[in-house]
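Please open the model in your viewer and keep the selection panel at hand. The stops below are meant to be taken in order.

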Amino acid sequence: MDLVVRAARAVTAEGEVPATVGVDGGRIVAVEPGGTRLSGDRVLDLGDDVVLLPGLVDTHVHVNDPGRAEWEGFETATRAAAAGGVTTIVDMPLNSLPPTVDVAALEVKRKAAAGRVHVDVGFWGGAIPGNAAELRGLHEAGVFGFKCFLLHSGVDEFPPLDPDGLDEALRELSSFDALMIVHAEDAHEIDDAPEPHGGRYVDFLRSRPRQAENLAISHVIDAARRNDARAHILHLSSSDALPLIAEARRDGVALTAETCPHYLSFVAEEIRDGATQFKCCPPIREAANREQLWQGLADGVIDTIVSDHSPCTPELKRFDSGDFGEAWGGISSLQLGLPAIWTQARQRGFALTDVVRWMAERPAAQAGMRRKGHLAPGYDADFCVFAPDEAFVVDVAKLKHRNPVSAYDRRPLAGVVRSTWLRGAEITGDEPRGALLIRGEC
């Protein structure tokens with residue numbers, strides 16, 4: 001074998017156990033009990049202060065390249081991912097120019113990424129008004145599914161679907177069993193809410209009420225049921241929607257849901273006025289809401305935790321005025337998701353096996369990746385070597401993403417990523433070795 005990893009602690013199908021993992025040709029070929037003698041060209045012995053995890057899979061990343069690479073870019077985004085134990089990302093179809101709404105735009109994005117990625121990268125397509133005829137072609141070209149908005153996306157080149165447009169897109173996707181992922185906030189509820197303006201976070205929170213999420217999720221459920229389609233709720237923030245999601249599943253609707261580290265870490269009561277690094281849509285809500293989201297994970301109603309890494313330049317965060325109405329909405333967290341979640345999860349009695357399920361196994365399954373997310377024979381040898389009992393304080397200047405902006409700055413976190421491995425080779429950040437993924441081939 002090319003590589004043998006001897007781990008005193010590893011998260012496998014058996015739980016967190018001692019394991020010996022054999023790698024050949026970039027794939028895992030053996031997972032044996034700890035102490036098993038396997039021979040390889042290289043043997044890596046891990047101490048008992050670290051845990052061998054499968055590489056994480058983050059299916060919600062805004063790379064913004066090409067077109068807005070000053071916001072992020074493939075090189076910096078994938079370096080940040082690797083530094084955070086993430087070995088696979090799926091890039092969102094908007095904020096890049098052109099948006100990924102037809103095959104030609106997908107090829108532009110792939111050319112921009114080629115030879116520049118340090119982890120494996122897949123792509124979502126976009127569903128916008130008037131492009132229903134483009135969806136099958138994008139599916140056949142290998143996107144992992146399709147994203148839509150139900151209200152203004154923040155960029156004019158990616159407009160939202162109205163109810164008829166959502167039905168049309170879902171009918172088309174149902175015909176070839178593709179997944180629709182939805183930014184679910186209701187435009188009318190947002191229009192009727194108070195305008196966001198000024199530096200008070202409480203005013204911004206009132207501008208994105210829970211009911212906007214709840215109503216939009218109800219519409220998605222009804223549309224998915226009506227069109228016999230698969231749907232996924234992005235960045236769930238409102239815990240009020242958890243019963244709706246659970247009931248829909250009991251009724252047989254093919255529905256999944258994700259939430260994000262910032263909704264599970266921060267609370268509205270602690271966000272200072274003017275602290276626009278915390279602005280995101282839907283917003284970070286109250287402490288009681290956060291605890292209900294954690295319960296939704298425990299109950300299995302929420303399937304996955306992904307970053308929704310949505311960076312921008314410091315100027316767009318409007319630190320000069322602290323105006324939440326003017327600032328770009330998005331939280332930069334691609335490098336920090338694992339320690340952020342572990343910090344909170346361990347306080348609530350969860351184990352690393354739970355974190356791996358939420359951040360590796362289920363995101364890979366949701367995207368249809370058959371060789372990602374597990375330490376098991378036949379899977380890619382993508383590893384995260386994680387020290388769960390080591391702690392650090394976030395210094396935004398030391399993060400790998402392009403712009404030094406993050407809501408986690410100066411926050412103490414538990415757990416340090418010691419190294420990240422892609423197909424049996426350690427990622428150093430020097431030579432890009434990532435692949436561009438095609439649905440059905442990974």
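This is a predicted model: local features need pLDDT of at least 70, side-chain atom pairs count only at pLDDT 80 or more; totals for chains, interfaces and linings use all residues.

Begin by selecting Ile89, Phe146, Met180 and Ile284, which, of the 103 residues in the largest nonpolar core, touch the most other members. In soluble globular proteins, nonpolar side chains tend to be buried together.

Keep Met180 selected and display its surroundings: leaving aside neighbours within four places in sequence, Met180 is in contact with Ala127, Phe146, Lys147, Cys148, Leu161, Leu166, Ala169, Leu170, Leu173, Arg230, Ala231 and His232. Next, select Val57, Phe144, Leu234 and Trp328, which are included in a second, separate core of 25 residues.

Now move to helix α7, residues 210-227, together with helix α8, residues 242-250, whose axes lie 10 Å apart and pack at an angle of about 10°. Because angles under 35 degrees count as roughly parallel, α7 is roughly parallel to α8. To see where the two helices meet, show the side chains of Asn214, Ile217, Ser218, Ile221 and Arg225 in α7, and those of Leu244, Ile245 and Ala248 in α8. Coloured by class, the contact of α7 with α8 has five nonpolar, two polar and one charged residues.

Finish on His219, which also lies in helix α7. If you then draw a C-alpha to C-alpha distance from His219 to Leu150, the two are 9.7 Å apart in space, although 69 residues apart in sequence.

Methods
Residues are numbered from 1 along each chain as its sequence is written. Side-chain values use heavy atoms; hydrogens and water are left out. A nonpolar core is a set of buried Ala, Val, Leu, Ile, Met, Phe, Trp, Tyr and Cys residues joined through side-chain atoms within 4.5 Å. Buried means under 20% relative accessible area, exposed over 50%, partly exposed in between (1.4 Å probe, protein chains only). Contact means heavy atoms within 4.5 Å. Axes are lines fitted to C-alpha atoms, for helices over the stretch in contact, and angles run from 0 to 180 degrees between N-to-C directions. Helices (H or I, at least four residues) and strands (E, at least two) are DSSP runs, numbered from the N terminus. Angles under 35 degrees count as roughly parallel, over 145 as roughly antiparallel, 65 to 115 as roughly perpendicular and the rest as oblique. Ala, Val, Leu, Ile, Met, Phe, Trp, Tyr, Cys and Pro count as nonpolar, Asp, Glu, Lys and Arg as charged, and the others, Gly among them, as polar.
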